[in-house]
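Open the structure in your viewer and keep the selection panel at hand. Each stop below says what to select and what is there.

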Amino acid sequence: MKYIIISSLFFLLSSPGFFGKDSTTIDLTIKGVVTDENSSPLAGVAVSEKGTGNAVATGSNGAFTITVSKEKAVLVFSFIGYENQEVKLNGQTVLNIQMQPAANELSEVVVMGYATARKSIVGSVRGVHARPAAPGRDRAYSDDRYEYKSEERREPGNFDTEDYDGIVENRFLGVTANPLSTFSIDVDAASYSNVRRFLNQGTMPPPGSVRIEEMINYFQYDYPQPEGSHPFAIHTEIAAAPWSSKNKLVMISLQGAKIPADELPASNLVFLIDVSGSMDYDNKLPLVKQSMKMLTDQLRENDRVAIVVYAGSAGLVLPATSGADKQTIKNAIDNLQAGGSTAGGAGIKLAYKIARENFKKNGNNRVILCTDGDFNVGVSSDAAMEALIEEERKSGVFLTVLGYGMGNYKDNKMQKLANKGNGNHAYIDNLKEAKKVLVNEFGGTLFTIAKDVKLQVEFNPDKVQAYRLIGYENRMLKSEDFNNDKKDAGELGSGHTVTAFYEVIPVGVSSDFIEKVDGLKYRKTGNKTNSGSNEILTVKFRYKKSDGDVSRLIEQSVADNTIDIHHTSDNFRFAAAVAQFGMLLRNSQFRQEATYNKVLALAGSATGEDREGYRKEFIELVNKAGSIVKNTPNPEEEVVGKK
């Protein structure tokens with residue numbers, strides 16, 4: 001017998017008590033854990049009872065609990081990028097599942113279209129006009145929780161309208177004239193995933209997209225957790241520079257304290273989502289929607305989420321809603337569609353207003369901006385946007401900027417927003433990256449444990465002629481900024497690591513990089529101020545508590561204990577390989593004897609446990625870059641380095 005179901009009748013017929021409970025059914029509770037091919041927990045896997053509307057999703061630890069109606073029910077496990085699995089129950093109550101990657105595994109961008117079925121949106125949108133899906137696009141509704149299938153529609157492979165700020169590399173500075181080096185930490189990782197996108201498309205990345213510090217800090221390192229009252233621990237290591245054996249490479253790293261998920265403060269989040277016409281591509285708004293649903297699955301009952309969208313103007317889609325009401329949040333996300341111009345300034349103002357209205361004292365108050373950065377209506381210039389963000393951050397609301405898409409991607413604008421908004425910046429090129437940023441690194445991305453973190457290094461002139469900080473060009477500070485608590489600097493999240501390298505030219509080593517400076521008339525030079533000391537440098541740190549205004553100081557001297565690079569830690573070797581790779585991609589004048597083969601050898605010796613496979617993926621990218629250079633018609637434009 002066939003039924004034609006209209007909206008109101010559907011809800012009546014599907015209500016549990018309409019026909020009465022089937023006497024043959026039972027209530028059987030099934031528990032288990034879902035892992036990926038590497039036995040790591042998978043969050044956000046849809047677990048459904050086949051033939052019913054009964055479904056749950058796995059939590060951050062991969063665990064699930066579902067109550068089924070039949071002893072021999074069939075459970076379906078589905079997750080984007082993995083093969084669906086169907087398991088017929090035979091009375092068992094514990095079920096552990098290992099998912100296997102699909103044949104078309106997520107190596108690039110997973111495409112999610114829009115559902116043809118429309119739902120009633122929660123709340124209201126003031127001044128934002130949704131439009132139907134573009135004609136000619138095949139969008140078949142597949143799964144009500146996560147998966148939408150569509151005919152892939154990506155932006156053209158033309159990057160002419162992508163914007164990157166130029167980078168003027170840090171040069172070698174003489175210690176006599178420049179004894180201090182001061183900079184802000186940077187935990188952003190957007191550069192690496194963006195560079196990966198270019199290389200996976202067979203194109204060398206623009207030099208302005210290669211920020212070496214972000215590439216290094218993309219990876220997790222096995223530094224010991226802090227002990228004592230400070231929220232981070234300091235680690236140092238010294239070896240010969242892999243690309244110049246006569247120089248030394250000094251690693252300075254921070255390990256942020258990792259706060260257990262159940263001890264994290266309650267969150268007041270505002271999802272600020274760009275739904276303008278430029279987001280109407282499969283690797284933009286559909287990917288944003290999947291990302292935000294992943295994040296929703298991490299939320300707890302005491303967390304609150306509101307959703308603000310902007311196109312030609314801004315509107316509130318969902319008022320502050322408990323993290324326990326996940327389906328309501330997901331319904332609001334599912335109903336977003338793209339169209340119109342981009343009033344980013346209006347969206348930011350409204351998002352911060354909603355965040356202030358729901359402010360949680362001693363909590364995590366944050367706006368999460370999802371956009372391609374292509375603002376073009378209202379407040380949109382870099383200067384105006386920076387001024388707006390600087391004003392809004394005074395409220396104590398932090399900012400996370402998630403970049404999406406290609407072709408018109410405005411990397412420079414999003415960098416400025418994150419830097420000025422006491423925040424961080426990530427580039428999401430596929431769902432695997434979304435899982436890394438919003439699930440695996442949930443605490444580090446969204447929970448700040450220290451803000452305005454600055455480093456100042458003083459070099460011993462008895463040991464060092466000149467030095468160069470590798471990367472951090474847009475994070476450099478004046479010497480006097482170190483003690484100025486009004487000067488903004490970077491934030492450190494729960495469990496975050498920060499790694500920085502100095503390349504040092506020791507005393508007595510001849511180098512073309514040392515620039516000659518005339519002697520001073522009124523100040524004596526060349527005096528041995530600390531003769532006999534084995535210290536190569538002293539590093540000082542300043543930071544504020546996440547809700548504080550007064551900085552605290554940590555100081556640590558570093559002895560000149562240089563070891564053979566083969567005896568350094570995996571942390572040192574792998575991070576040094578990434579730094580060397582960055583210099584090659586940037587065609588740095590300081591690359592010296594760097595080669596892709598040296599990068600491969602160094603990284604290959606330091607893959608470590610690599611549970612998520614990110615270091616293995618790095619090695620694959622190095623091979624791709626080397627192949628691109630090898631096949632470049634004019635290889636001198638993209639030098640590999642001396643063989």
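Contact means heavy atoms within 4.5 Å. The model is predicted, so local features need pLDDT of at least 70 and side-chain atom pairs count only at pLDDT 80 or more, while totals for chains, interfaces and linings use all residues. Residues are numbered from 1 along each chain as its sequence is written, and side-chain values use heavy atoms, with hydrogens and water left out.

**Whole chain.** Select the protein chain: it has 13 helices and 25 strands. These are DSSP runs numbered from the N terminus, helices being H or I with at least four residues and strands E with at least two. Of its 643 residues, 56% count as buried, that is, under 20% relative accessible area with a 1.4 Å probe, protein chains only. Among contacts between residues at least 6 apart in sequence, 78% join residues at least 24 apart.

**Helix 9.** Select residues 431-440. Eight of the 10 residues in helix 9 are buried, among them Leu431, Glu433 and Val439. Which elements do the buried residues of helix 9 pack against? They pack against helix 2 (190-200), helix 4 (285-296), strand 18 (398-403), strand 19, helix 10 and helix 13. Now show asparagine 430: at the start of helix 9, one of its side-chain oxygens reaches to within 3.1 Å of the backbone nitrogen of lysine 432.

**Largest pocket.** Next select Gln220, Lys258, Asn440, Arg611 and Glu612, which lie nearest the centre of the largest pocket. On a 1 Å grid over the protein atoms alone, a pocket is an open set of points with protein on both sides within 12 Å along at least five of seven lines, whereas a cavity is a set where a 1.4 Å probe fits but cannot get out; lining residues have an atom within 4 Å of a point. The pocket has a volume of about 1400 Å³, where volume is the space filled by probe spheres set on points joined across faces, edges and corners. Its lining has 45 residues, and helix 9 gives the largest share, four residues.

**Largest cavity.** Finally, select Val187, Ala189, Glu441, Thr445 and His496, which lie nearest the centre of the largest cavity. A search of the whole structure finds six cavities of 30 Å³ or more, and the largest has a volume of about 180 Å³. Its lining comprises 17 residues. Strand 19 (423-427) and helix 9 are the elements that each give two or more residues to this lining.

Note on methods: Buried means under 20% relative accessible area, exposed over 50%, partly exposed in between (1.4 Å probe, protein chains only). A polar contact is a pair of N or O atoms within 3.5 Å; within protein, one must be able to donate a hydrogen and the other to accept it, and residues adjacent in sequence count only if both atoms are side-chain atoms.
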